[in-house]
Each structure stands twice: as structure tokens, then as C-alpha cells.
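Here is a short tour of a few spots worth a look in the model below. Have the viewer open and follow along.

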Amino acid sequence: MSDTSDDSFSVDSDDVQRAVVAAAMGNALEWFDFSVYSYMAATIGSVFFPSHSNSAALLAAFAGFAVAFMVRPLGGLFFGPLGDKIGRSAVLATTIILMSIGTFAIGVLPSFQAIGIWAPILLVLARLVQGFSTGGEYGGAATFICEYSPDSNRGFLASFLEFGTLGGYIFGALLVLGTHMIMGDAAFHSWGWRIPFLFAAPLGLFGLYLRLKLEDSPAFEAVKEKGEAKGSLGEVVSNHLRQLMLCMGLVLILNVAYYAILTYLPSYLTSELHIGSIESTLLLVVTMVGMMCVIYLFGALSDRIGRKPVLVGACTGFILLSYPAFVMLQTTEVWGIVAGLVILGLLTVSLAGTMPATLPAIFPTNVRYGGFAIAYNISTALFGGTAPYVIQWLIGVTGDKSVPAFYLMTAAAIALIPILLIPETAARPLPGSKAQYARGSGTGGGGPQKQPAPAA
């Protein structure tokens with residue numbers, strides 16, 4: 001970083017690229033875990049929660065998935081203010097190694113048949129470690145990328161955080177599918193299911209290596225030099241309650257979309273629509289690969305026309321098109337499934353490509369990590385991680401296979417309120433920061449540019 005004037009500074013393009021890769025790697029690991037767990041929910045249910053009812057075992061497995069979200073707010077409360085006090089990079093190095101330990105631990109746990117009730121207890125403990133550590137992951141990673149990114153293309157660069165999300169999810173899905181196909185049903189359900197969880201160890205070490213090489217963001221260093229890096233939880237809650245509420249409302253639709261579509265849909269296709277597990281996995285993997293191919297376009301679009309128009313369009317799309325999309329899925333015809341997945345994938349990726357640059361800009365630098373992490377994880381715990389369980393339960397109670405559509409429509413309608421209330425932040429300095437541009441090639445920056453005033 002180098003200062004160029006009283007109201008702007010530059011960052012080296014290579015530093016920006018390294019920050020994007022290191023932040024996205026941690027997010028990939030987080031969603032690798034979600035992917036592996038969700039694609040093996042039925043197997044986990046039979047191994048750790050044996051029952052005469054397959055539906056009951058599946059519900060128990062989803063409850064095990066949801067329990068980690070109970071402690072995510074605690075992780076946000078702990079890691080968020082800590083990141084505002086000691087720095088983003090140190091906290092992000094800690095969260096990635098803790099996530100790896102929690103995921104790896106599931107792969108070595110004994111089954112219910114081997115140790116009885118201790119098996120599900122230990123599974124829950126491993127999930128709690130994952131949940132606590134991920135409480136500091138997404139908020140810190142998005143904050144880190146945004147604080148390194150030039151104002152002119154922050155949406156484009158921040159969208160690669162969700163590129164990592166989709167990459168981790170796809171890798172987890174393909175790893176589960178490949179392991180299952182190579183080993184066969186008997187060996188996979190006996191012990192082969194452990195292999196994908198064990199991959200968390202090398203992935204975590206590689207991510208740790210990347211993050212340890214990073215310096216803190218220029219925005220944080222500027223706050224630290226002024227003596228304002230205090231990481232006060234009380235200040236976040238007492239002075240920034242409105243921003244917390246707005247952030248929670250925005251996170252609501254992002255997480256309901258992710259967890260309802262990426263996490264729950266594999267089980268929905270197999271258990272409710274009776275599509276083969278291999279076929280459903282391949283369909284969803286192709287959908288996510290398509291999402292990866294276009295996600296940066298939505299980030300770039302938000303730089304050009306603004307974050308709010310893209311987000312309003314996405315929520316409106318969910319309200320109008322969720323039900324038709326699930327009706328198409330329920331035809332179980334190839335054309336219907338493909339059309340439904342394309343609609344849901346495009347709506348989700350329009351959110352995912354825009355939110356990483358939108359959410360950190362709600363808070364000023366000195367409370368950005370803490371405010372974002374707290375709001376994000378409370379909203380995720382209440383509405384995101386519980387979505388698969390609640391949707392499955394509602395389908396069982398009502399018998400209506402369109403429940404996921406109504407769930408998405410409701411979340412989108414609620415999210416429209418905070419979208420309309422937040423200030424537009426595209427092409428503007430982050431609140432509490434100077435105008436920022438890139439030196440060198442690779443990020444689209446070339447020199448100082450006149451910037452609008454920071455968003456209030």
C-alpha cells in the first residue's frame with residue numbers, strides 16, 4: 001500500500017490478487033464441509049442415528065447439520081470484534097485451521113454401532129467446532145477482500161469469494177460421488193464415506209499457508225495507526241444497531257437461497273422426487289459449474305449499475321419464479337428439471353455475485369469485521385442452517401412438495417425492505433476509508449480516479 005494524497009491511496013495489484021485467492025480458499029473449505037455433509041446426509045443418518053424410519057434418520061442428520069449453526073453467532077461474537085482489534089489476517093488463519101479440524105474429526109469418529117450414544121454426541125461436538133470457527137470465516141473473508149479491492153471493481157473482485165463457495169461445494173459433491181462410484185454401496189456405507197471428510201486436512205493446511213503469507217488490509221492498517229482498532233462489541237451493538245438489522249435482513253435471502261438450493265436440493269431430488277442420487281448429483285454439479293462461469297458477471301454488473309438494482313432484480317425473480325421453477329422440477333422430466341435448476345441457479349448466483357461487496361460496506365472500518373460477523377451469523381443461525389430441516393418438516397406435515405418455493409418467496413419479500421433502505425455503495429470508498437485504486441495490472445486499476453463520497 002502507498003499513500004498518494006490526503007483522500008486516496010493505492011494497493012498493489014498482486015497483493016489484491018493474493019488477498020482474493022486466500023480469502024476464497026477459506027470459503028471453499030467451509031462449503032466443502034457443507035457439501036460433503038449434505039450429500040451424505042442419508043449415510044450419516046444411518047451411521048450415527050440408526051432408526052427404523054429412513055425419514056427419521058434423515059431428519060436427525062439434518063438436525064446434526066443445523067446444530068452447528070447454534071454456535072455460529074458465538075463464533076461471530078468472538079472472532080468478529082477480535083478481527084477488528086488484532087487484525088483480519090490472524091483471525092482468518094485461526095478460523096481455517098479450526099474448520100479443518102472439525103471436518104477431519106467427523107471422518108474418524110466411531111459409528112453408533114461401535115460406541116452407542118457417544119457417536120452422535122461426538123458428531124455434534126465436531127459440528128460445534130465447525131460452527132464456532134465458521135462464525136468468524138465469511139465475515140472476515142468478505143471484509144478482507146473488500147478492504148483490499150479498488151473502489152471501481154470491488155463487486156467484480158468480491159464475487160470470487162462466492163466462486164470459492166461454489167468451487168468447494170462442487171469439489172465436495174464430486175468427491176462424494178467419485179468415492180461412492182469407485183467403492184460401491186457396501187464399502188462406501190461401511191467406511192468409504194469417511195474419505196471425503198479426511199480431505200479437509202490437506203485443504204486446510206494449504207489454505208493456512210496462503211493466509212499466513214498475507215498482511216492486513218490497508219483499510220485496517222490505517223485505522224490501527226490512528227488508534228481506533230479497539231474491537232469493541234459494545235460499540236457495535238450500541239452505535240450500529242440499524243446497520244446490524246439491515247445486514248441481517250440481506251443475509252436472510254442469501255442464506256435461505258444457498259441452504260435451500262445447494263444444501264437441501266440434493267436430498268429433495270432423491271427423497272421427494274425419487275431421482276437417482278447419481279443423476280441428481282450430476283445435475284446439481286452441472287448447475288453449479290454454470291453458476292461459477294457467470295458469477296463474476298453479476299459482480300461486474302453491480303459495479304456498473306449499482307448493487308441495489310441487481311439485488312432488487314434477484315429478489316423479485318425469487319418472488320415471481322420460485323414456484324414455477326419447483327413445478328418444473330416436479331415433472332421429473334429432463335427438460336423440467338434442467339429448466340427449474342437454471343432458473344434457481346441464475347437467481348442464486350445473482351445474489352451471490354453481489355452480496356460479498358454489499359454487506360461489508362454497511363459498516364465502517366473500525367467495526368466492519370465484528371458488525372458483519374455478528375449480523376451474518378445470527379441471521380444464518382436463525383434462517384439459513386435451519387432451512388433444510390424446516391423445509392423437510394413442512395413437506396412432511398403438509399405433503400406439499402412446493403414448500404421450498406414458498407420458503408424462498410417469503411425470504412425474498414422480507415429482504416427487499418433492507419435492500420431499499422441501504423445506501424448505494426458501488427464505485428464508492430468503503431465507509432470510514434479513503435478512496436482506493438490499484439497499482440499495476442490485473443485488477444482493472446490504473447491510477448487515481450475521482451470517487452463519490454463514502455456512503456453514510
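## Around Ser35

Leaving aside residues up to four places away in sequence, Ser35 touches Gly168, Tyr169, Gly172 and Ala173 (contact: heavy atoms within 4.5 Å). Ser35 sits in helix α1, residues 13-39; helices here are DSSP runs of H or I with at least four residues, numbered from the N terminus. Its side chain reaches the backbone oxygen of Tyr169 at 2.7 Å.

Ser35 counts as buried because its relative accessibility is 0% (buried: under 20% relative accessible area, 1.4 Å probe, protein chains only).

## How to read the model

This is a predicted model, in which local features need pLDDT of at least 70 and side-chain atom pairs count only at pLDDT 80 or more, while totals for chains, interfaces and linings use all residues. Residues are numbered from 1 along each chain as its sequence is written, and side-chain values use heavy atoms, with hydrogens and water left out.

## Cavities

Searching the whole structure turns up four cavities of 30 Å³ or more. A cavity is a set of points on a 1 Å grid over the protein atoms alone where a 1.4 Å probe fits but cannot get out, and lining residues have an atom within 4 Å of a point. The volume of the largest cavity, about 50 Å³, is the space filled by probe spheres set on the points.

Residues lining the largest cavity include Ile261, Leu284, Met288 and Leu344. Helix α16 gives the largest share of this lining, four residues.

Methods
1 Å grid on protein atoms, 1.4 Å probe; cavity = no way out; pocket = protein on both sides within 12 Å on 5 of 7 lines; lining within 4 Å. Helix = DSSP H or I, 4+ residues; strand = E, 2+ residues; numbered from the N terminus. Buried < 20%, exposed > 50% of the residue type's maximum accessible area, 1.4 Å probe, protein only. Polar contact = N/O pair within 3.5 Å; in protein donor to acceptor, adjacent residues only side chain to side chain.
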